[in-house]
Every structure is written in structure tokens, then in C-alpha cells.
Amino acid sequence: MKGSSVTNRLRKTVVLPYLFILPAALALLAFSLYPFLSGVGYSFTSIGWIGDQVRFVGLENYRRILSGSVGAPKFFKQAFVQSIEWTAAVVAGQFVVGMFAALVLNERFPGRSVFRTAVLVPVAVPTVIIALTWQWMYDPFYGLINHYLKQVGLLSGPTAWVGQPNSPLWPLIVVGIWRGFPFMTVMLLSGLQGIPQELYEAARVDGANALGRFRHITLPLMRTIIAIAVVLHVLWWWNHFDIIRVIGSGGGQFSYGAMTLPILAWYEAFAWSHLARGAAISVISMLVLLAIMIWNARREGRSVKL
Amino acid sequence: MRDRRLTRRAFLRTGSLAGAALLAAACQPSPAPTAGPTQAKVATSVPPTAEPSAGQPVAIQLWSTAWFPSSIAGRMALVDKFNKEHEGRVKVDYIQGSWGEATTYIQSGVAAGGGIACVIEYEVEGGAQDWYRKGWIKDLRPYMSEEDWALMIEAQWKAREYPDDGAIIANGTVLWEPMQLVLYNPKHLEAASIRPATVTEPWSWAELIENAKLLTLDANGKHLGEDGFDSKQVVQWGFLPRLDSEKVWEWGLRFAQQRMGKPVVRQENGKWGWNLDEKGKQVYALFLSIVQEGVTPSLAIGLSGDSLHEAFASGKASMILRETFGIAIIKDNYPDFELAAMPTPFEKGDKVFYKAGGEGMVLVSTCDHPQEAAQFMFWMMKPENLALYAYGNGMLPANYAALDKEPFASDPTWDIIKDYLARGEVYTTPYNPHLIEFRDTVAAPTLMAVVEGKMSFDEANRVLEEQAATLLNQ
């Protein structure tokens with residue numbers, strides 16, 4: 001019958017695709033959207049811990065975080081500045097090292113495939129294992145870093161680089177660069193491989209040296225892939241948690257010298273039992289990323305129009 | 001020719017049939033195991049049921065937070081002893097857990113409705129109290145006899161009581177006070193002709209500082225304070241405590257409270273606050289001044305426990321400040337190193353006040369065999385059993401009578417602790433849910449600023465008084 005075949009076709013073309021994506025959509029709702037929205041919702045309530053009576057407090061948590069002087073609010077400004085320092089230094093370092101590695105790996109030399117695999121080692125090892133290994137390397141007494149610095153005369157005695165309340169961020173930045181540069185390398189290498197060799201040959205004929213070829217061919221043609229790689233890394237590393245938590249807070253101490261917004265949010269929510277204020281810090285942290293994402297989307301939009 | 005391609009309809013039909021068949025297969029009861037050599041292995045891996053079959057012992061599990069070899073060995077020896085004594089009735093299985101995972105373990109286990117160990121080791125204050133508040137553990141009172149109550153002094157039970165309903169939330173395993181010692185290298189003290197402190201002839205903080213100066217040597221063998229001493233070429237430090245944010249709080253409070261006889265953070269007139277009296281201020285200020293006074297290297301700011309032991313055992317430090325368990329760890333890691341212990345500084349004739357509380361075992365609310373689990377928990381508190389546990393852990397047993405049992409009885413290192421107890425007086429500290437936040441965000445940074453010489457102690461004390469009034473009364 002004509003009517004039932006129309007219904008069947010409708011079911012196939014309209015309903016069936018939705019049925020297929022339903023499990024993924026449900027999982028996304030349950031494990032991504034719901035926690036996100038409930039987190040935002042919590043930031044407007046008085047909840048301290050699970051089981052507490054919850055009431056709506058409007059923007060009170062935000063006011064307290066931005067203008068308070070005791071508890072987590074006392075460290076908010078510092079954490080915010082350190083988040084910017086951490087992200088900028090780590091991503092810049094990853095870009096420089098990643099670009100250098102990509103340029104080298106783009107050349108033809110014996111054993112290139114082995115090196116291309118080896119460069120991915122930092123990504124293949126679980127972050128916590130990396131963090132614990134670096135923690136050991138930074139140890140003042142039996143760490144390799146102190147040992148070799150003493151041997152070359154740069155240190156006179158043992159130095160504790162990390163894990164103290166006022167330890168600086170830069171030893172962690174080194175780990176972050178080491179951890180993240182391989183992915184940057186892979187992205188940039190894919191961009192490099194997309195540049196036609198003829199352009200380099202033509203430039204060579206015109207007398208351009210290596211730096212000139214890099215400046216006038218490589219960089220302009222890789223603008224889009226560089227922008228994507230940098231924005232993605234900014235998003236990931238702004239939110240990074242494990243390296244800072246494991247190495248920076250050695251022994252479970254609250255280390256304000258090496259603290260970023262995600263770490264402060266975690267302490268506020270789970271160590272000091274202020275879930276709502278922890279959620280508010282996370283929301284503020286997310287707004288920064290949202291601004292970057294909007295800027296990137298507009299920039300992409302403009303480049304497409306051009 | 002017939003088109004043999006797989007149509008979408010056929011693919012979906014086949015897929016659905018295969019899925020249904022798999023589902024049906026999965027719902028089938030599993031076949032009875034066939035008799036054979038693997039059967040015994042299969043049976044042991046089956047988790048215990050709520051109603052064990054006749055003749056089978058009730059199986060319970062202990063989730064242990066033991067973290068170094070001798071502490072693990074002590075627990076295992078205890079479990080073996082219990083299993084032998086209760087053969088055929090109750091059997092305890094030892095599971096190795098860790099401090100860092102304990103909260104996640106119990107939280108997820110209780111949320112899942114069970115399947116986790118019945119007995120978990122943890123800290124009482126802050127930790128187990130919080131677990132009880134969240135309904136993860138049971139009140140032990142229904143399982144306790146008069147004999148069980150007598151296994152620990154009243155103040156230690158009080159420290160394990162939940163304030164709202166008087167529930168006993170944990171048994172007592174080891175205590176956190178008094179177990180602070182100065183561990184020293186006897187050869188270094190002998191070479192410098194220094195007589196170590198004893199409980200009857202203690203050192204004051206000033207004496208400790210003076211002796212530490214004599215023990216701090218440069219590469220030319222000159223000591224701190226001597227003409228020509230090169231502070232950049234120190235090869236042996238006199239006194240090396242850990243001075244991180246954890247220790248300036250924990251140890252500083254301990255020394256101050258030891259003199260004051262009451263908690264520094266407490267309620268007065270219904271308001272929580274930071275309350276140091278003159279004696280407490282004096283001790284706290286002295287303890288935090290050692291780096292600025294030049295008796296302790298700035299390296300102490302930021303030293304880990306392992307690094308401290310390494311420095312001590314390798315002869316780079318003559319005296320270190322450590323809890324009793326440090327002895328067991330150092331002996332485990334450096335079996336050939338000779339060390340000795342003396343009391344921490346205090347004024348001669350003063351009483352040694354110490355805080356009740358420490359660690360214990362909790363009974364998980366989802367436990368299928370709470371009676372048997374509680375039986376194990378109180379059995380292990382008997383002096384002869386607890387001695388095995390606490391000595392392996394290098395910590396003071398919650399039941400003091402265990403100190404008279406082996407291996408404590410024949411170890412002279414513990415004489416200092418026995419002396420402390422003989423002249424000590426115990427006090428309890430109240431529970432404030434914001435104490436950790438106060439410690440992390442106010443006390444630790446402020447006290448560290450004093451250690452680093454960026455703030456005077458009086459100024460720090462003023463800051464702590466002001467901010468405690470806000471933060472602890474949220």
C-alpha cells in the first residue's frame with residue numbers, strides 16, 4: 001500500500017538516523033552536558049558538600065571569589081595570573097620545540113621513521129608516571145638534575161625545585177613542554193608535508209636561503225595549521241591538572257606558588273568542602289576559554305570570507 | 001544473475017538476530033564447573049556471600065593503608081595470627097590499599113552497594129568523622145562489650161566519637177602523639193663530645209640550637225660560629241627537620257600545645273579562634289626561627305621525608321626531627337646505618353601534654369558480616385596483637401598496654417615514648433570542618449613566611465588570629 005510505504009520510508013529516512021545517534025547523544029547528555037550544567041548551577045547555590053541543604057544565592061559565590069580576602073579568594077588573583085603564565089609558557093615552548101622537531105623530521109635522513117616514532121614517547125606514557133618520574137629527577141638528594149648540575153658546578157648543594165608551597169612554576173613548565181611537544185610536532189609535520197616542494201625549489205632558484213624559505217613559504221602556508229594547533233594546545237593546557245597536582249603538590253600540600261585555576265577549583269571544592277565556590281572558579285576559568293574560542297571562531301570566519 | 005550484495009535490510013536483520021542471540025546467551029545461567037584440577041582455583045576467587053554455606057568460615061576483608069615493608073609485614077602477621085586462632089569460623093583476607101585511594105575506595109564501594117572490604121584503616125579526625133557524616137561507616141557501639149571499652153583509655157575513645165550522636169566511628173590502632181623524636185647519629189655526637197638529651201635531662205630549644213651549631217661542619221672541619229666557617233661548603237648539618245607547610249603547622253602546633261596543654265585552635269565564648277598563650281607563642285616562635293638563627297640550612301624548607309632519611313643515613317645530617325615510624329622506615333631502607341633517639345626539646349620539669357586521636361579501623365556500612373568484622377577489630381586491639389601491628393608501623397599503640405609486649409618490650413628506642421606517657425597528660429581537640437581550609441590558605445603560608453624571614457612571628461600571630469575568626473566561623 002502506498003500509505004504504508006511512505007510511512008516506512010519516513011521512518012527510515014527521518015527516524016532511523018536519530019535512533020542510531022541516540023546512544024551517543026544520551027551518553028553526551030549524561031556524562032558531559034548534565035555535569036557541565038549542574039556545575040554551572042551549583043555555582044549559584046550555597047552547597048558545601050553532598051547532603052547539604054542547597055539554596056540559591058545568586059552571584060554571591062562570584063562576588064566572594066573576586067573580592068574576598070580569606071580562603072580560596074585570597075589566592076584567586078595569583079592563580080589566575082599563574083594560569084596565564086603556565087599556559088603561555090607551556091604552549092610557546094611546545095610550539096618552538098615542536099616546530100624544530102617537525103622541521104627536522106620533515107627532512108630525509110636514515111632512520112627517519114624510527115625518530116618519528118620515538119618523538120611520540122612522551123605522549124604514550126601515562127601522565128602520572130611522567131609526573132612521578134620528573135618528581136624523582138627534581139629530588140634534591142638523589143635526583144638526576146641536582147646530580148648533574150652539581151657535577152658541572154652550577155649548584156653548590158642540594159636544591160628542592162618542586163613540591164613546596166612557594167616552589168616556582170617553571171620546573172613544571174619544563175615538564176609540560178616535554179609532555180606536549182610531540183603532539184604539536186605531529187600537527188605541524190602534517191602541515192609541512194602539505195606544502196608543495198616546487199615552491200621551495202623555485203625559491204632556491206631565486207636565491208632564497210633557508211631562513212628566507214622558512215619565513216616566506218613555510219610560515220605563511222602553515223598559518224591555519226599553526227593557529228589550530230596553538231588554540232587546541234591553549235585549551236588543553238589551560239585546563240591541565242595532573243602534572244601540576246602530582247609534581248607541584250608533592251605530599252599533598254597546597255602549593256600556592258605553582259597553582260593554576262583548575263587546581264584552586266579542585267582544592268576549594270573537594271579539599272575545603274565548598275563545592276559551590278569551586279564550581280564558580282571553574283566557571284570563571286571556562287569563561288576565559290570561551291573568550292578564546294569565540295575569538296578563534298571569528299578569526300576563522302574572517303579567513304574563510306577572505 | 002541474482003544480486004548477492006548484502007542489503008541494508010539484510011544487514012540489520014542479521015545484526016539484530018546476532019545481537020539477540022548474544023543477549024540470550026549472556027542471560028543463560030553459567031554451566032556448573034566441571035570437576036578437575038582447576039576447580040579449587042575457581043572456588044577461591046568467588047567473593048564471599050552473605051550466608052556462607054555450612055562448614056565454611058565467614059570471610060571478611062581488611063583494606064590496609066600500610067605503606068612500607070615492616071608495616072605491611074606487621075599487618076600480615078596479625079591477620080595470620082587471627083586466622084589461625086579462628087580457623088573454621090572467621091577468615092580475614094588482607095588487601096593492600098593506600099592512603100591516597102581510601103576515600104575513593106569507600107565512596108565508590110558504598111555507592112555501588114557493597115562488594116568492598118568490611119574493614120578499612122584510616123585516620124580518625126577529619127577522615128573517618130567525615131565518612132560517618134556521609135553514612136559510609138557504622139557506629140561500633142552495638143558490637144562492643146565492656147571488655148572492648150577497656151582496651152583504650154576514655155580520652156582516646158572520645159577522640160573517636162562523632163559529636164552529634166556519640167557514635168564510635170573507629171577502633172584504635174596507632175596514635176599520632178606523643179611520638180615526635182630527635183633521631184641522631186651517635187658517632188657525630190660522640191665526635192663533638194655532646195651528651196644526648198634524655199627525658200630526665202632534656203634539652204631546651206636553646207641547647208638544641210647550640211649543639212646543632214657544633215655539629216654543623218664545613219669542608220675544612222670548622223663548625224658553625226667558628227672563625228673561617230664556610231657556609232657555602234657545609235658537609236654536615238647539625239639539625240635538619242622538615243620545614244614545609246605541613247610541618248610548620250603540624251609540628252609547630254604540637255610543640256606549642258605540648259606546653260599549653262590545650263588546643264591552639266578551639267572555641268572560646270562560642271567562637272572559634274587561633275588562641276596561643278605566652279608559653280605557646282614562645283615555643284612556636286623558637287621552632288620557626290631555626291633557619292633564620294642559622295642552625296638549620298634553608299634546604300630544610302622543602303625537604304621530603306625520603307630526602308631527609310637519605311641525608312641522615314649518608315651522614316649529611318647529625319640530628320633530624322621525626323616521628324617514631326621514621327625509625328622503622330630508616331631501618332628498612334638503611335639496615336646498616338646506626339641511629340639513636342632522644343626526646344624533642346622541652347623545659348625540665350614540665351608536663352608533656354599530648355593530643356588524643358590518630359588512626360583506627362572503620363566498619364563499612366555495606367559489610368555483610370559486621371559482627372565478625374567487629375570481632376576482628378576488637379581482637380586486634382588486645383595488647384599482644386596490637387603490639388605486632390603498631391611495632392611494624394613504628395607508631396605508638398592506641399592500647400598502651402601493648403608497649404609492654406614484644407617486640408616493644410625489648411626495644412630501648414621506645415623507652416623515651418614510655419617516659420613521655422608516664423609524665424604526659426592527654427587532651428582532646430574539637431572538630432571544625434573548616435580547619436583544613438584554614439591550615440592550607442592561612443596558617444601554612446603565614447607560618448612559612450616566618451620561617452623564610454619575611455614576617456615576624458608576632459605579626460604572623462596577629463594575621464592568624466584575625467583570619468581564624470572569619471574562616472573558622474563560616
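Guide: Let us begin with B:Trp274, which has a relative accessibility of 2% and therefore counts as buried, a word that here means under 20% relative accessible area, whereas exposed means over 50% and partly exposed lies in between (1.4 Å probe, protein chains only). The model is a predicted one, in which local features need pLDDT of at least 70 and side-chain atom pairs count only at pLDDT 80 or more, while totals for chains, interfaces and linings use all residues. Residues are numbered from 1 along each chain as its sequence is written, chains are lettered from A and ligands numbered from 1 in the order in which they are written, and side-chain values use heavy atoms, with hydrogens and water left out.

B:Tyr284 is buried as well, with a relative accessible area of 0%. B:Trp274 and B:Tyr284 form an aromatic pair that is tilted, with 6.0 Å from centre to centre and 45° between the planes. For such a pair, the rings of Phe, Tyr and Trp (its six-membered ring) must have centres within 6.5 Å, and planes under 30 degrees apart count as stacked, over 60 as edge-to-face and the rest as tilted. The pair links distant parts of the chain, since B:Trp274 lies in strand 9 (residues 271-274) of chain B and B:Tyr284 in helix 11 (residues 278-288) of chain B, 10 residues apart; helices (H or I, at least four residues) and strands (E, at least two) are DSSP runs, numbered from the N terminus.

B:Trp274 also belongs to the largest nonpolar core, which has 190 residues, and is among those with the most contacts inside it, together with A:Leu264, B:Met319 and B:Phe438. A nonpolar core is a set of buried Ala, Val, Leu, Ile, Met, Phe, Trp, Tyr and Cys residues joined through side-chain atoms within 4.5 Å. The largest share of this core, 11 residues, is supplied by helix 3 (residues 72-106) of chain A. If we leave aside its neighbours within four places in sequence, B:Phe438 is in contact (heavy atoms within 4.5 Å) with several residues, including B:Trp274, B:Trp249, B:Val265 and B:Leu464. A second, separate core of 21 residues includes B:Tyr105 and B:Ile120.

B:Tyr105 has a ring partner too: the centres of the B:Trp63 and B:Tyr105 rings are 4.5 Å apart and their planes are at 15°, so this pair is stacked. B:Trp63 is buried, at a relative accessible area of 4%.
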